[in-house]
Amino acid sequence: MKYLREIEGCALFDGVSAEQLEGLLNCLQARPSSFSKGETILEEESVLSAMGLLLEGEVHIVKEDYLGNRNIIAIIKPSDLFGESYACSDGEKLNVNVICAKDCQVLFLNTQSILERCQNFCESHRLLVSNLMHIMAAKNILLSKKLDHLTKRTTREKVLSFLSEKSMEKRSLTFEIPFNRQQMADFLCVDRSALSRELMKLKEEGYLDYDKNQFRLNRQWISS
């Protein structure tokens with residue numbers, strides 16, 4: 001099966017055996033689709049009946065305001081799900097755009113097949129329900145962490161909060177972030193020029209050093 005590694009690597013299928021997987025994909029009415037860079041995969045105001053499993057490429061979850069300011073809510077990598085909360089809701093309209101950031105392959109999975117009671121009460125179906133709950137809980141926690149950055153008053157505070165979190169996640173003072181400068185600015189809801197100026201100041205003041213998306217924090221600042 002093509003993209004088997006990416007499918008098996010999805011948290012939705014944790015604990016599911018290879019023998020069970022093909023039957024589950026049929027049950028979920030798995031539907032593969034291809035998208036080109038820049039194409040909108042899911043549009044704001046859509047009502048979803050299926051969630052997406054990214055098999056290849058990169059997807060951005062984006063929110064734009066009426067002035068055209070863009071906020072990157074999340075970056076989706078292969079084996080990640082997207083749209084699951086809306087697909088599980090009772091007709092709630094999507095309030096973001098899902099954009100193909102790199103040419104990608106997506107497997108759409110019908111969520112109703114998970115939410116409906118399995119007639120056979122099979123173990124694999126119970127696993128899907130449990131796994132989906134854990135995925136949604138984890139994403140809620142990630143959004144809470146992002147909100148913590150955004151509630152900081154200044155660009156400097158937002159930047160330091162974000163980089164400190166990434167350092168703790170990697171358990172290292174040296175780490176990479178998954179954003180270029182524009183994406184980082186969009187994620188933190190700040191102006192790109194203001195972000196670049198603040199990073200330059202922080203570097204000059206000895207808080208950190210960086211090269212593109214590679215950062216190194218000053219141990220003395222972390223300890224203070």
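**A tour of cysteines and aromatic pairs**

Select Cys100 to begin: Cys100 is buried, at 1% relative accessible area, where buried means under 20%, exposed over 50% and partly exposed in between, with a 1.4 Å probe and protein chains only. This is a predicted model, in which local features need pLDDT of at least 70, side-chain atom pairs count only at pLDDT 80 or more, and totals for chains, interfaces and linings use all residues. Residues are numbered from 1 along each chain as its sequence is written, and side-chain values use heavy atoms, without hydrogens and water.

Cys27, at 38% relative accessibility, is partly exposed.

Next, display the aromatic rings. There are seven aromatic pairs, that is, Phe, Tyr or Trp rings (six-membered ring for Trp) with centres within 6.5 Å, called stacked for planes under 30 degrees apart, edge-to-face over 60 and tilted for the rest. Select Phe82 and Phe108, an edge-to-face pair with centres 6.5 Å apart and 80 degrees between the planes. Both Phe82 and Phe108 are buried, and together with Phe35 they form one aromatic cluster.

Then move to Phe162 and Phe187, a tilted pair at 5.6 Å and 50 degrees. Phe162 and Phe187 are buried as well.

Finally, show Lys146, which lies over the face of Phe187, 4.4 Å from the ring centre; the criterion is NZ of Lys or CZ of Arg within 6 Å of the ring centre and within 35 degrees of the ring normal.
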